[in-house]
Amino acid sequence: MTIDRHARTMLPIPDRPAPGLTTYDAKDPDTAYPPITPLLPPEGAPNVLIVLIDDVGFGASSVFGGPCRTPNAEKLAARGLTYNRFHTTALCAPTRAAMLSGRNHHSVGMGSITETATSAPGNSSLKPNTKAPVAMTLKLNGYSTAQFGKCHEVPVWQSSPMGPFDAWPSGGGGFETFYGFIGGENNQWDPALYEGTTPVEPPKTPEEGYHLTEDLADRAVGWIRTQKALMPEKPFFVYFAPGATHAPHHVPLEWADKYKGEFADGWDAQREKTFAKQKELGVIPADAELTPRHDEIPAWNDMPDALKPVLEREMEVYAGFLEHTDHHVGRIIDAIEDLGVLENTLIYYIIGDNGASAEGTINGAFNEMANFNGMAALETPEFMNAKMDEFGTPSSYNHYAVGWAWSMDTPFQWTKQVASHWGGTRNGTIVSWPKGIAEQGGQRSQFTHVIDVAPTILEAAGLPEPTMVNGVQQSPMEGTSMLYTFDDADAAERHDLQYFEMFGNRGIYHKGWSAVTKHRTPWELVGGTVPAFDDDVWELYDGSTDYSQARDLSAEQPERLHELQRLWLIEAVKYNVLPIDDRTGDRLNPEIAGRPTLIRGTSQQFFPGMGRLSENSVVSIKNKSWSVTAEVDVPEGGANGVLIAQGGRFGGWSFYLHEGRAKFAYNLLGIHSFETVADDPVAAGRHQVRMEFAYDGGGLAKGGGVTLYVDGDAAGTGRIEATQAMVFSADETTDIGYESGTTVSPDYTTATSRFTGRIEWVQIDLGDDDHDHFIDPDERMRIAMARQ
């Protein structure tokens, strides 16, 4: 056995040259130096592949009894182990931050998503440098590292092209290669992609057959093949995190059409079918009970008959989306097998970073941004029926109904965001490592959690937890290695204490028992009432006899409940959960939340070519009066194209020239478009074109008047009847001189949107205009600096 002589607890591993004879002449026969060898982990360290699917409930995939066919997950489970008591945090960014660090989500500042970060340590979205990610540990120990897909762990004020990139995968994240997107979700047909920290465009269009999941799998397969071709002695760590199956549910329609008619009985009946299949497969205990539907979730029979065809189609599209995702995961696993290295590859296939998503409203959504802006009522049943055939296509940004999310979490209560109950946090997981796991097709039922993944990888690789990384002393990992379960199905569980919390929904697990309280309902993003924390009603469950949390024992055992409530509070203090923060929509406003903003003041300049600016990189123009001014050079014959655009097809605005005339288009959720166009074309030469929006006031999402100016003279008027109050898009950006992704206005496509004249600068100003509709070019910078 080779002895590993590296001091691996301090990373990077210090260089320690051995003393010896130094000769004067290199030709001296006594001249000798040890060979230069690449840094490698201990002998036998496995390759590692983590697959983390997005927004999949325990009862969705066929491998855990669900209706969505996942043959590659089944194949992997047949030669590995399934874990039926594996847990996440109930929300995406917290789960990812916890998994990659081996620490609880509040410990690494990710108490919720980055868009709702606050200044509180447990919710800041800032990972302390005392908690290095496992990818960094593996890289500094000689692994090749790569991430493909979603990264939702970058603080929103650090997501601009200027970074800083400490929280980006290929910055401080420890991944040598990154190809994917930054944020919570992305358009599967027109994603905003990055290679490392550089924005890139998709290699094909939707019309040419592009789909993000396929692209990510292509990249992952290509990287793995290249890595093994060039560095066969080095193990790899690949983290494959597709945006699927998070909304929008985008999939080629032939995959959705496979499921036509399979969901006609509705979500109540589907839960019964799934429950029976789970019992048949043995993925839940024989004595497990099916939990009932809560009153907040409507019965299928109570839904309007006219809407049911739409509801069926929503689920067909989702099922096809999950099967399509599993297909491309299978391509990656097959590529590893074809290379002959599957035997020593540790694979985690985690089917969901939380429970199924109930963020699609009671009726589902054609454009989920409507709900996030408190405007779901715009999507009437008549509208939804008219759009039914478009669900899943590039013209949609769709999500399924709450009832389907509940059904996909069979046999548990509740859904994503509800960290109190297993429906929000229990996700079916498969682990395969032929060299390290003797049993094939086994099942493990020890309590495990996403923070256990990192310590498992380190133990499998023979690597210690580092005590020092990049000069910073490290705090211990908070997870427990799962390696002890690999060869012993009956081993006593070692991870026997775990808190849960998300937006006030909270719970505690301790030695088989769980005490939980649901505080708020996830699909009530606007309005609704929540009780005081002290008025929350707690429930008590005995997990040794009640797998699904079906029998509340709080009335029978109040003392045990009180003990667990106190234990939750102790853990909450230990891991920065306090203060509990149940705000949702309010925290989207950085001023209320207390997090930094990239842009301060009431004015912001842009220059041609700037682009891929996230919504948090641009001064907010929502719910107020504002103006945008551009100084342009128009050639003889006129100019066309985008001056500045924010958002895209599913919500946003664009200021541009069309047929030579200044034009402003405001796209309300892809449902209503309000356009104002100047009376005359802009003549050749240098000019200022300007749009002023006078907000009606009186609350959020109101309309207002639009006035266009050319060189200070009024050139056209119009009106916007309503605006988006909270967010334009989760993935579309702001671009100057062109438009990336989907376009706001139907006048231009991405390919035709580039401005054909010359832009000197563009400036957004908030509030009332005080420059007489014209900005002196020599004064613009002084004005901007004064306003900031």
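**Ground rules**

I noted that this is a predicted model, where local features need pLDDT of at least 70 and side-chain atom pairs count only at pLDDT 80 or more, while totals for chains, interfaces and linings use all residues. Residues are numbered from 1 along each chain as its sequence is written, and side-chain values use heavy atoms, with hydrogens and water left out.

**Thr629, continued**

I found Thr629 in strand S21, which covers residues 626-634. Strands (E, at least two residues) and helices (H or I, at least four) are DSSP runs, numbered from the N terminus. Is Thr629 buried or exposed? I got a relative accessible area of 0%, so Thr629 is buried. My cut-offs: buried is under 20% relative accessible area, exposed is over 50%, and partly exposed is in between (1.4 Å probe, protein chains only).

I also checked the side chain of Thr629, and it makes a polar contact with the side chain of Arg690 at 2.4 Å. A polar contact is a pair of N or O atoms within 3.5 Å; within protein, one must be able to donate a hydrogen and the other to accept it, and residues adjacent in sequence count only if both atoms are side-chain atoms.

**Strand S30 and its partners**

Next I followed S21 to its partner S30: the two pair in the antiparallel sense over eight bridges. Pairing needs at least two bridges found by DSSP between two strands. I reminded myself that strands of a sheet pair through backbone hydrogen bonds, either parallel or antiparallel. Glu631 has Trp761 in S30 as its bridge partner.

S30 runs over residues 758-766, and eight of its nine residues are buried. I then saw that strand S20 (residues 603-606) pairs with S30 as well, antiparallel and over four bridges. There, Gln605 stands opposite Gln763.

I moved on to strand S17, residues 505-510, where five of the six residues are buried. Strand S16 (residues 497-502) joins S17 by six bridges and runs antiparallel to it. Met502 stands opposite Asn505 in this pair. S16 and S17 make a hairpin with two residues between the strands, and Phe503 takes a positive phi near 55°.

How many residues lie between S17 and S18 in their hairpin? I counted two, and Lys511 in the turn has a positive phi of about 50°. S18 covers residues 513-517, and its antiparallel pairing with S17 has five bridges. Arg506 has Thr517 in S18 as its bridge partner.

**A three-strand sheet**

I looked at an open sheet of three strands next, with the order S1-S14-S15 and mixed pairing. S1 (10-11) and S15 (472-473) are at the edges with a single partner strand each, so one side of each has no neighbour in the sheet. S14 (residues 468-469) pairs with S15 in the antiparallel sense over two bridges, and Val469 has Val472 as its bridge partner.

**Met110**

I picked Met110 in the loop between helix H2 (92-101) and helix H3 (134-139). Met110 counts as buried, at 3% relative accessibility. Leaving aside neighbours within four places in sequence, Met110 is in contact with Ala93, Pro94, Ala97, His105, Gly122, Ser125 and Glu153. I also took the C-alpha separation from Met110 to Thr291, 181 residues apart along the chain, and got 30 Å.

**The whole protein**

I ended with the overall figures. The protein has 16 helices and 30 strands, and 61% of its 788 residues are buried. Its radius of gyration is 28 Å, which agrees with the value near 28 Å for a compact globule of 788 residues. That radius is taken over C-alpha atoms, and the globule rule is 2.2 Å times the number of residues to the power 0.38. Of the contacts with a separation of 6 or more, 74% are between residues 24 or more positions apart.

Terms used:
Contact means heavy atoms within 4.5 Å.
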